[in-house]
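Here are some notes for a colleague who is opening this entry for the first time. The points can be read in order, with the structure alongside.

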Amino acid sequence: MTWAGTLLHIHVAPSASVEMEELAEARLIPGRGIEGDRYLLGTGTYSRKPDIREVTLIEMEVLEALAQGEPRIPGLKAVLDPADHRRNLTTRGVPLGHLVGRRFRVGDVVLRGGRMNFPCQYLEELLGVPGLYEGLLNRSGLNCAIEAGGVIRRGDPILPLAD
Amino acid sequence: MSPRLIMKLDVAEVRRVPGDVILATLTHPRRPLLPAATAGAHVDVHLGDGRVRHYSLWGDPADRGAYRIAVKREAEGRGGSRRLHEMLVPGASLMVSAPRNHFELPETNGPVRLLAGGIGITPLLAMAQALAASGRSFRLHVFARRRATAPLLEEAQRLLGPGRVGAHLDDEPDTRVALPALLAAPEPGAVLACCGPAGFMAAVRDAAAHWPEEALLFEAFQPLAGESFVPEPFEIVLASGRRLAVPADRSALDVLREAGVAPPASCEIGVCGSCLCGYRGGTPIHRDVVLSPRARRERFAPCVSRAVGTLHLDLGDAGRAVEPEAPRP
């Protein structure tokens with residue numbers, strides 16, 4: 001698969017419900033998560049439900065589609081800021097939906113797609129955006145495991161790796 | 001109870017006013033607009049040591065640029081206000097939740113009487129500003145010991161104009177008024193909202209005993225005093241059929257927490273409503289101050305309320321936040 005994307009934003013939050021904070025760079029710990037993030041610290045909403053959730057990603061293209069209100073079914077038109085969607089990394093040009101079970105590189109770090117993220121009612125209620133749950137169906141991002149850790153930076157290239 | 005965003009806000013302005021009160025203005029470091037609040041709402045302030053306290057917002061709800069809280073230092077309290085007085089310095093950061101409102105005025109057209117005892121003026125001052133903006137008829141009655149130490153009285157008079165604020169001060173006999181006389185004749189459709197110390201609210205409740213129940217709105221900062229209440233053990237049955245014993249010396253919330261099924265909780269004294277859950281059967285002993293008589297038929301506050309015998313709890317709503325990202329039913 002040939003594609004080349006970019007890391008636009010890095011966000012972490014120290015615990016559930018706490019507003020996300022943008023970082024210029026972050027350290028990823030293999031098998032655990034992002035330094036300073038709730039899913040490394042065990043303080044996330046879903047921390048008690050173990051799953052692959054060391055790092056979560058979402059496509060900037062999805063946020064742009066939401067802002068345009070496209071597609072019109074389910075019809076949500078809303079500005080979802082990168083600081084608000086509660087995924088850690090906002091990407092551009094990365095086909096997240098094709099990366100389940102695949103390895104890819106963010107800067108020097110290697111991630112493996114675990115499963116497609118599924119939208120949650122919790123986020124809709126937290127942000128008070130009615131319809132956000134439906135609006136994110138099937139494009140809610142990707143939950144990943146960290147295979148090789150290191151520091152990632154805003155603007156890092158995101159590239160596929162051969163399996 | 002829906003989750004609320006917790007934000008790291010800047011302490012933009014701090015003013016010490018008489019009565020050992022700090023007026024603090026909280027703003028967001030990056031967002032010009034904060035999550036909207038309705039008049040009567042409060043925010044949770046995280047004290048950084050695991051404790052959380054709620055403070056009513058007294059600013060104009062139409063001003064979304066800042067949250068304004070008034071913190072009275074309670075020397076005899078549980079220590080939260082003393083800690084917060086140390087934390088409220090200009091330039092500091094404070095973890096603060098988005099607002100929630102358990103003290104909302106009904107949207108009727110009748111005139112509104114706002115009765116404030118001491119620091120209980122905070123949510124009523126927000127209401128008064130919203131009422132003034134909507135053109136609804138109202139009057140704010142402030143009850144305090146002395147003018148010099150009446151929290152927010154000066155602000156109220158400045159923001160609302162002196163004609164809409166009545167100050168009733170113990171040390172100014174001319175200003176004093178008997179509650180039964182003040183509340184003798186409710187106008188048709190009138191609403192009374194009251195906030196203040198427990199004794200003050202009890203006196204208002206007595207004086208308004210002839211008002212229709214739905215015209216009365218009380219906000220309590222303190223849990224109901226359970227002078228003679230002796231906790232007894234009881235049993236919880238969950239929707240799954242699982243049975244949990246609640247000993248006399250522990251709360252239902254504690255027991256739910258140990259079982260890994262606790263709803264989110266905040267104040268743990270029955271005033272914030274964070275841990276509210278449903279029940280399907282049994283005889284609860286409600287000891288919270290959040291639920292209306294109607295809501296008490298189906299809702300339960302496990303942090304302070306108890307039950308006789310067996311209570312069938314429904315944690316449906318509360319449990320959802322810890323479920324995996326599952327589709328809605």
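Predicted model: local features only at pLDDT ≥ 70, side-chain atom pairs only at ≥ 80, totals over all residues.

1. Leu182(B) touches His141(B) and Val177(B), leaving out residues up to four places away in sequence. Leu182(B) belongs to helix H4 of chain B, which covers residues 179–182. Is Leu182(B) buried or exposed, or does it fall in between? Leu182(B) has 18 C-beta neighbours inside 10 Å; a residue is buried at 20 or more and exposed at 12 or fewer, so Leu182(B) counts as partly exposed. Val204(B) is 22 residues from Leu182(B) in sequence, and their C-alpha atoms are 9.9 Å apart in space.

2. Arg280(B) sits in strand S14 of chain B, residues 277–285. Which residues is Arg280(B) in contact with, leaving aside its neighbours within four places in sequence? They are His312(B) and Asp314(B). Tyr67(B) is 213 residues from Arg280(B) in sequence, and the C-alpha to C-alpha distance between the two is 38 Å.

3. Two helices of chain B deserve a look together. Two packed helices are described by the angle between their axes and by the distance between those axes. For helix H2 (residues 121–134) and helix H3 (residues 153–160) of chain B, the axes come within 11 Å and cross at roughly 5 degrees. Angles under 35 degrees count as roughly parallel, and H2(B) and H3(B) are therefore roughly parallel to each other. On the side of H2(B), the contact is made by Ile121(B), Leu125(B), Ala128(B), Gln129(B) and Ala132(B). H3(B) contributes Ala156(B), Leu159(B) and Leu160(B). By type, the residues of this contact between H2(B) and H3(B) are 7 nonpolar, 1 polar and no charged.

4. Leu152(B) is in the loop between strand S8 (138–144) and H3 of chain B. Phi of Leu152(B) is near 65 degrees, a positive value in a residue other than glycine. What is the burial of Leu152(B)? There are 25 other C-beta atoms within 10 Å of Leu152(B), and 20 or more is the mark of a buried residue, so Leu152(B) is buried.

5. Asp20(B) also has a positive phi, near 60 degrees, and is a residue other than glycine. Its place is the loop between strand S1 (6–17) and strand S2 (21–27) of chain B. Asp20(B) counts as partly exposed, because 16 C-beta neighbours lie inside 10 Å.

6. The peptide bond from Glu70(A) to Pro71(A) is cis, and its omega is near -5 degrees. Pro71(A) is found in the loop between helix H2 (60–68) and strand S6 (89–92) of chain A.

7. For chain B as a whole, the secondary structure comes to 7 helices and 16 strands. The C-alpha atoms of chain B fill a box of roughly 60 × 50 × 40 Å along the principal axes. A compact globule of 329 residues would have a radius of gyration near 20 Å, and the 21 Å of chain B agrees with that. Of the 329 residues in chain B, 40% are buried. Among contacts in chain B with a separation of 6 or more, 65% are between residues 24 or more positions apart.

Methods. Residues numbered from 1 in each chain as written. Chains lettered and ligands numbered in written order. Helix = DSSP H or I, 4+ residues; strand = E, 2+ residues; numbered from the N terminus. Contact = placed C-beta atoms within 7 Å. Axes fitted to C-alpha atoms, helices over the stretch in contact; angles between N-to-C directions. Parallel < 35°, antiparallel > 145°, perpendicular 65-115°, else oblique. Nonpolar A, V, L, I, M, F, W, Y, C, P; charged D, E, K, R; others polar. Rg over C-alpha atoms; globule rule 2.2 N^0.38 Å.
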